[in-house]
Amino acid sequence: MKHLVLCGCGHGHIFVIKNIKEKYPDIKITVITDNEYQYYSGMYTGFLEGVYSHDEICFDVRKVCEKYGAELIFDKIVKIDDENKKVIAENHTVDYDYLSINLGATQKTIGKGDNVINSKPINTIIDLKEKIKENDKNILILGAGASGLELAFVLKTIYPDKNVSIVTRGSVNMEGFSDKANMKARKLLKKKGIKVYENKNVSSIDEIDIDFDKLIMCIGSSGVNVDFGNLNTTDKNFLISDEYMRISDKIFAVGDCVSIYKYPNLPKAGVYAIRQSPILMKNIAHTLNNEELESYVPDTDPMQILYCGNEKALLYYKGFTLYSHLSFVLKRYIDKKYMKY
Ligand SMILES: Cc1cc2nc3c(=O)[nH]c(=O)nc-3n(C[C@H](O)[C@H](O)[C@H](O)COP(=O)(O)OP(=O)(O)OC[C@H]3O[C@@H](n4cnc5c(N)ncnc54)[C@H](O)[C@@H]3O)c2cc1C
């Protein structure tokens, strides 16, 4: 029996665990991950505000593995030894025939400190409300992309009496949203009393000349702190895959940890990780069955819905922008449908 080892239990691997045995039943699956829960970031800010419960926004990895007959090892992976086909974690070394990597990403940062909070990976800020203390008056978010804005909107909703501000290099710039939708977001920030300090190119925490008690980093991703051995990586330690989600003929990768050679500028967002998942699952099965592989072709203009607190959201789709409760209702429907899957 072939042994498929899944490194990390992100969105792609949840899908593989649930579906691959339909396509290739005779397989042993081992999952190695460092977290009991796989959080769905699309519902994270709703969870912070109390719109969703903890169980509504995550998959319980142990339960998923038990239900679909995958072995589970909780450990931190430190190295992939592709020459000897081994995954090396802090307390285990596991041999594989086929390997898939879904380890997410880490926070790009400009410094560390007791009052600095990284927003990636999402499990590290699931307890954000415990990190923000009663006497923290000034919350500053570094970065005016979608995650920075969503956090700002929701933190201001939760803490109307605190100063929530954003500092950014250029101006408000959510990838995948039009200029008009970004402009709408700017107006909303102003209306809600969230100050945006634009055109501040800070490269270290000392350079920030705005008062803050907590600084939240939302300035994009870096690769995970794993030694990928001989596998192809970018200078930020993202794995480089082909459009079949393959790193080599027996190694696959999916989600934030990968940069697809043909599409190097794809945003690091859950929506892409989720849409790559069926292609990953099928191509692992196709490889095992000696069948032709399927290409992943990204939707370069997907619907974007930014949660803005108080059960309202900003929707952008193919030139159309709508800030309303209805946008939130649509987002909730899509998100809950994904979590029920
Ligand atoms: C505040 C915030 C809001 C966001 N909102 C959205 C949104 O609304 N829509 C959207 O599309 N995207 C959003 N994102 C981005 C989204 O969170 C990521 O793009 C998405 O989670 C990536 O999925 P993934 O499956 O690649 O990795 P992840 O979901 O990060 O999963 C990686 C898995 O690998 C495990 N792992 C990592 N390192 C190791 C290791 N060394 N050893 C063992 N296991 C390991 C982790 O525990 C985890 O199980 C948001 C991000 C943030 C920070």
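Colleague: Which residue in β19 is the bridge partner of Leu 99?

Modeller: In β19, the bridge partner of Leu 99 is Ile 251. This is a predicted model, in which local features need pLDDT of at least 70 and side-chain atom pairs count only at pLDDT 80 or more, while totals for chains, interfaces and linings use all residues. Residues are numbered from 1 along each chain as its sequence is written.

Colleague: What makes β9 and strand β19 (residues 251-253) a pair?

Modeller: Two strands pair if DSSP finds at least two bridges between them. β9 and β19 have three bridges, in the parallel sense, and therefore count as a pair. Strands here are DSSP runs of E with at least two residues, and helices are runs of H or I with at least four, each numbered from the N terminus.

Colleague: Why are β5 and β18 called edge strands of their sheet?

Modeller: The open sheet of six strands has the order β5-β2-β1-β9-β19-β18, with mixed pairing. β5 (71-74) and β18 (246-248) each have a single partner strand, so one side of each is left without a neighbour in the sheet. Neighbouring strands are turned by 20° against each other on average, direction ignored; the axes are lines fitted to C-alpha atoms (for helices over the stretch in contact), and angles run from 0 to 180 degrees between N-to-C directions.

Colleague: Which strands stand at the edges of the three-stranded sheet, and why?

Modeller: That open sheet runs β21-β22-β23 with antiparallel pairing. The edges are β21 (304-307) and β23 (320-324), because each has a single partner strand. The twist averages 10° from one strand to the next. Five bridges join β22 (residues 313-317) to β23, and Leu 315 stands opposite Leu 322 in β23.

Colleague: What makes domain 1 and domain 2 separate units here, and how do they touch?

Modeller: The bounds come from an automatic or database domain assignment, which gives domain 1 (3-105 + 223-289) and domain 2 (107-218). Their C-alpha centres lie 29 Å apart. The contact takes eleven residues from domain 1 and 14 residues from domain 2, where contact means that C-beta atoms, placed from the backbone, lie within 7 Å. On the side of domain 1 that touches domain 2, β3 (37-39) and α2 (44-49) give two or more residues, and α2 has the largest share, four residues.

Colleague: How does the annotation "domain: FAD/NAD(P)-binding" lie on the chain?

Modeller: The unreviewed UniProt entry places it on residues 3-264; such annotations, given in the numbering used here with shortened feature names, may be inferred rather than shown by experiment. The span is 22% helix and 28% strand, and its end C-alpha atoms lie 30 Å apart.

Colleague: What radius of gyration does the chain have, and how does it stand against the globule rule?

Modeller: The rule, 2.2 Å times the number of residues to the power 0.38, is applied to a radius taken over C-alpha atoms. With 341 residues, a compact globule would have a value near 20 Å; the chain has 20 Å, so the two agree. The C-alpha trace spans about 60 × 40 × 35 Å along its principal axes.

Definitions and conventions: Two residues are in contact if their C-beta atoms, placed from the backbone, lie within 7 Å.
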